[in-house]
Amino acid sequence: MQLLEERILKDGKVFPGNVLKVDSFLNHQVDVELINEIGKEFYRLFKDCGVNKIFTIEASGIGIACITAQYFHVPVVFAKKTLGKNIAADVYSTPIKSFTHGKTYDVIVSQEFLNKDDKILIIDDFLAQGCALNGLIELIKSAGAEIVGAGIVIEKAFQQGGDLIRSEGIRVESLARIESMTDDGKITFCK
Ligand code: 5GP
């Protein structure tokens, strides 16, 4: 998506450890008009797939998922991060390792909101090593629901998450795919 790639080149900042900061339009301050174009693009890609629910993870996924859901006219469910200990009986849960923080936390979703008849589109901001996306996939599988695919805003294609999840037969559509990033800030996109 050209608009998104241009914005990443203009405002994205590369940090040590392969972290791309896009806080000025996606992860802290949010450019709603850009997210609206992203939502439209996800709709164009998945509109014929019978999606009845969008699933994401707090926090950064929620805004993107909500704007996207307005095109699909479906609800958004988001997985919650918890510190574990007392996980309620009526939830599905799975551990996820955070790429940016290095910690592992449990994510949960109430069994009330994911059902075996659901056809689910996953939405998230980043795909790196695939831990977050894999966790969401596990939660959907626990519910016996169908995964239509995943819509990702930025995929760091030089990390293995995208290949791994596509090799499981899951459709992953990323609107910007980064081929490489250097510490001095040069970002190249996949063709
Ligand atoms: P993964 O689980 O695929 O390794 O990483 C995905 C999650 O980590 C995303 O939900 C996102 O929150 C965060 N993340 C991974 N890489 C980056 C990055 O380069 N920049 C930012 N801002 N977040 C990232």
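The model is a predicted one, in which local features need pLDDT of at least 70 and side-chain atom pairs count only at pLDDT 80 or more, whereas totals for chains, interfaces and linings use all residues. Residues are numbered from 1 along each chain as its sequence is written, and side-chain values use heavy atoms, with hydrogens and water left out.

The side chain of Arg177 meets that of Glu155 in a salt bridge with an N to O distance of 3.2 Å, the term denoting a side-chain nitrogen of Lys or Arg within 4 Å of a carboxyl oxygen of Asp or Glu. This pair links distant parts of the chain, since Glu155 belongs to strand β8 and Arg177 to strand β9, 22 residues apart; helices (H or I, at least four residues) and strands (E, at least two) are DSSP runs, numbered from the N terminus. Glu155 counts as buried because its relative accessibility is 1%.

Ile152, which also lies in strand β8, is buried, with a relative accessible area of 0%. The C-alpha atoms of Ile152 and Arg177, 25 residues apart along the chain, are separated by 9.4 Å. When residues up to four places away in sequence are not counted, Ile152 touches Phe42, Leu133 and Val172, among others, where contact means heavy atoms within 4.5 Å. Strand β9 comprises residues 172–181 and includes Glu179, which counts as partly exposed because its relative accessibility is 43%. Beyond its neighbours within four places in sequence, Glu179 is in contact with Phe158, Thr188, Phe189 and Cys190, and its C-alpha atom is separated by 4.9 Å from that of Phe189, ten residues apart along the chain.

Gln159 is located in the loop between β8 (146–156) and α6 (161–167) and, at 8% relative accessibility, counts as buried. Its contacts, with residues up to four places away in sequence left out, are Asn18, Phe99, Ala128 and Gln129.

Ten salt bridges are present in the structure. In one of them Asp31 pairs with Arg7, the closest N and O atoms being 2.6 Å apart; here too distant parts of the chain are linked, with Asp31 in the loop between α2 (23–27) and α3 (32–46) and Arg7 in helix α1 (residues 2–11), 24 residues apart. Asp31 counts as partly exposed at 22% relative accessibility, whereas Arg7 counts as buried at 19%. A further salt bridge connects Asp117 and Lys116, with the closest N and O atoms 3.7 Å apart, and both Asp117 and Lys116 are exposed.

The ligand is surrounded by 16 residues, of which the closest are Leu20, Gln129, Gly130, Ala132 and Lys156, a residue being near a molecule if one of its heavy atoms lies within 4 Å of it. A polar backbone atom of Ala128 is 2.8 Å from an oxygen atom of the ligand, and a polar backbone atom of Cys131 is 3.1 Å from a ligand oxygen atom. For Ala132, a backbone N or O atom lies 2.8 Å from an oxygen atom of the ligand. The protein covers 89% of the 500 Å² of accessible area that the ligand has on its own, areas of this kind coming from the Shrake-Rupley method with a 1.4 Å probe.

Technical notes. Buried < 20%, exposed > 50% of the residue type's maximum accessible area, 1.4 Å probe, protein only. Polar contact = N/O pair within 3.5 Å; in protein donor to acceptor, adjacent residues only side chain to side chain.
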